[in-house]
Amino acid sequence: MASLQSLPRHPFPPPGPDADGRLAPLAAALLANVLLGAAIVATRYVIPRTDFLTLALLRYGLGTASLLPFLLWARPPLPPRRDLLSLAALGLLLFGLFPLTYNAALQHTLASRAGVLFALVPLLTLALAVAIGYERFQGRRLVGGLLALAGIALALGDPASLGAAPGVWRGDALMGVTVCLGAAYNVLSRRPLQRQPALTGVAISMAAGALALGVLRGLVALAGGGAGWPAFTATDWAVLAFIASGGASLGYWLFLWALKHATPTRVAVFVPLNPIVAAGLGALLLGEPAGPGLLLGLAFVTAGIVLVNWPGRTAI
């Protein structure tokens, strides 16, 4: 991997032709965050009937398969070897390690709390970019970050959600690890992903992650520590189909496409939709409590993210 000194000062390339104000990339970012927020609730629904490793394998294995028709139709060129290896390595991070901590977290915490924590990904991404010199420090962003952190404290301290699930803090801690992995992926992936079509980047990365999960599950089974395949109902399989297609392949594809055709600033403003959808659907479909602390914290997080990503003289 290249040293930090050899990387460009601002590695985020200029957006593509849709950055002139057209709505297509913004609509893609909006739909992506709605799908990813709904996937949190769907995962929370189905995780009690399986284990986190099997669910991760099914999600990204089926997600990779759902991309095959689009690959056969578009026939994108194969990336050069350097980018191919980079995309595969990134896939091990985002579609291999990331889903393990993500699914394990949702075994213990609520969809609403997970959604609020997941919204910290762009804030931590910005903090890492500032720390290594990719971005300039701005007071407005500091205020927004502090506002979002205050919202996290309010949401996680909500008494209604604290008493709703045993071991909820364990799940929150695992989701915190997931957020760190997501932010690391965002910082490391900008350059190789910008050199390839979004479909190519998602397909290669997801296939690499699914392959690694398959190998890991096989090793666990050989060691005698793995359970059998889950006995899902028809409803469970329908939910899994959504998680694999809408909440994995389509959601990430749309998000990466939006980043290629609009500035990251404009795309990141839609991230608060993720916890809003997770909290709303969690309360509506799963009967999860939504106390005043959670709702106030969600408002703070939303305001903080919008403030951090409000267009200014520089874009992240």
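## A buried pair: Glu288 and Arg44

Glutamate 288 and arginine 44 are both buried. In this predicted model, their side chains come together in a salt bridge, 3.6 Å from N to O. The two partners come from distant parts of the chain, 244 residues apart: glutamate 288 sits in the loop between helix 12 (273-285) and helix 13 (292-308), while arginine 44 belongs to helix 1.

Helix 1 itself (residues 24-46) is mostly covered, with 17 of its 23 residues buried. From first C-alpha to last, helix 1 reaches 32 Å, close to the 33 Å expected at 1.5 Å a residue.

## Other salt bridges

Searching the whole structure turns up 5 salt bridges. One of them pairs the side chains of arginine 49 and aspartate 236, at 3.1 Å from N to O. Arginine 49 is in the loop between helix 1 and helix 2 (52-74) and aspartate 236 is in helix 10, so this pair ties together parts that are 187 residues apart in sequence. As for cover, arginine 49 counts as partly exposed at 36% relative accessibility, whereas aspartate 236 is buried at 1%.

Within it, the closest N and O atoms of arginine 82 and aspartate 83 are 3.9 Å apart. Setting aside residues up to four places away in sequence, aspartate 83 touches Arg195 and Gln196.

Aspartate 83 lies in helix 3, which covers residues 81-106. Its 26 residues reach 36 Å from first C-alpha to last, close to the 38 Å expected at 1.5 Å a residue. Helix 3 isn't straight throughout, though: at phenylalanine 98 there's a bend of about 35°, with proline 99 following within four residues.

## Phe255 in helix 10

Phenylalanine 255 is found in helix 10 (residues 234-261). Leaving out neighbours within four places in sequence, phenylalanine 255 is in contact with Ala32, Asn33 and Val267. The C-alpha atoms of phenylalanine 255 and alanine 27 are separated by 9.9 Å, although the two residues are 228 apart along the chain.

## A nonpolar patch on the surface

Leu211, Val215, Leu219 and Leu222 make up a nonpolar surface patch of about 460 Å². One of them, leucine 219, belongs to helix 9 (residues 198-222). Leucine 219 counts as exposed because its relative accessible area is 51%, and the cut-off for exposed is over 50%.

Notes. Residues numbered from 1 in each chain as written. Predicted model: local features only at pLDDT ≥ 70, side-chain atom pairs only at ≥ 80, totals over all residues. Heavy atoms only, no water. Patch = residues over 30% accessible without salt bridge, like charges linked within 9 Å, V, L, I, M, F, W, Y side chains within 5 Å. Areas by Shrake-Rupley, 256 points an atom, 1.4 Å probe, with all protein chains shown as cover. Salt bridge = Lys/Arg side-chain N within 4 Å of Asp/Glu carboxyl O. Helix = DSSP H or I, 4+ residues; strand = E, 2+ residues; numbered from the N terminus. Buried < 20%, exposed > 50% of the residue type's maximum accessible area, 1.4 Å probe, protein only. Expected span 1.5 Å × (residues − 1). Bend = angle between axes of the 7 residues up to and from the residue. Contact = heavy atoms within 4.5 Å.
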